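Please look at the sequence and the structure first.

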Amino acid sequence: MHNAARGSLAVGGLILVIGIVMYALGSSAAGGALDPSDNPVFEGKTGSFEVIDNTGLAIYVDEGVSCDSFTATITDSNGSTEVDESWGDYFEKDNCDGEGDLSGYVYVGSFNAFADDGTYTIDASSKVYMADTWS
């Protein structure tokens, strides 16, 4: 075997090991780290919240609230509920498969990250916790 091939295999193996270690450290740090009630962007059934820098917001409700029956309307300062025809509504409902749920919370959807910065209002059927998914 050529020395160049051996060197490439050694470097590739080293990068693989570093990647596995970084993945393990990252997943353990992220596991359970997000608690939507810790410093939420918004908490409540109705009210307003600020969006800065195209923030992606995950929307959770307390465990026991049915995702299927949950409803929410998010409007911008002009009274529109839609980002535009391409990107759809500000509130994107989850398919309620349980994916994204956290201990004590049910993931019900997200705030459309393609929305412009500004003030938005929400009217929800249950108390929500809006967590910044980018931070």
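The model is a predicted one. Glu43 forms a salt bridge with Lys127, and the closest N and O atoms of the two are 2.9 Å apart. The pair connects distant parts of the chain, with Lys127 in strand 8 and Glu43 in strand 1, 84 residues apart. Lys127 is partly exposed as well, because its relative accessible area is 35%. In general, side chains of opposite charge can pair when their charged atoms come close. A search of the whole structure finds one salt bridge.

Strand 8 also takes part in strand pairing. Which way do strand 1 and strand 8 run relative to each other, parallel or antiparallel? They run antiparallel and are joined by nine bridges. Within strand 8, Gly118 stands opposite Val51. Strand 2, residues 57-62, is joined to strand 8 by five bridges, again antiparallel. Here Tyr60 has Tyr129 of strand 8 as its bridge partner. Strand 3, residues 72-75, pairs with strand 8 in the antiparallel sense over four bridges. The bridge partner of Thr73 in strand 8 is Asp123.

Strand 1 covers residues 42-51 and contains Glu50. The relative accessibility of Glu50 is 45%, so this residue counts as partly exposed. Glu50 belongs to a negative surface patch, whose other members are Asp53, Glu82, Asp84, Glu85, Asp89, Glu92, Asp116 and Asp117.

Most residues other than glycine have a negative phi. Asn39 has a positive phi, near 55 degrees, and Cys96 has a positive phi, near 60 degrees. Asn39 is found in the loop between helix 1 (3-30) and strand 1. Cys96 is found in the loop between strand 6 (91-93) and strand 7 (105-111). Asn39 is exposed, because its relative accessible area is 75%. Cys96 counts as partly exposed, because its relative accessibility is 24%.

The table lists the accessibility of these residues.

| Residue | Relative accessible area | Class |
|---|---|---|
| Asn39 | 75% | exposed |
| Glu50 | 45% | partly exposed |
| Cys96 | 24% | partly exposed |
| Lys127 | 35% | partly exposed |

Conventions
Residues numbered from 1 in each chain as written. Predicted model: local features only at pLDDT ≥ 70, side-chain atom pairs only at ≥ 80, totals over all residues. Heavy atoms only, no water. Patch = residues over 30% accessible without salt bridge, like charges linked within 9 Å, V, L, I, M, F, W, Y side chains within 5 Å. Areas by Shrake-Rupley, 256 points an atom, 1.4 Å probe, with all protein chains shown as cover. Salt bridge = Lys/Arg side-chain N within 4 Å of Asp/Glu carboxyl O. Lys, Arg positive; Asp, Glu negative; His and termini not counted. Charge placed at Lys NZ, Arg CZ, Asp CG, Glu CD. Helix = DSSP H or I, 4+ residues; strand = E, 2+ residues; numbered from the N terminus. Buried < 20%, exposed > 50% of the residue type's maximum accessible area, 1.4 Å probe, protein only. Pairing = 2+ DSSP bridges.
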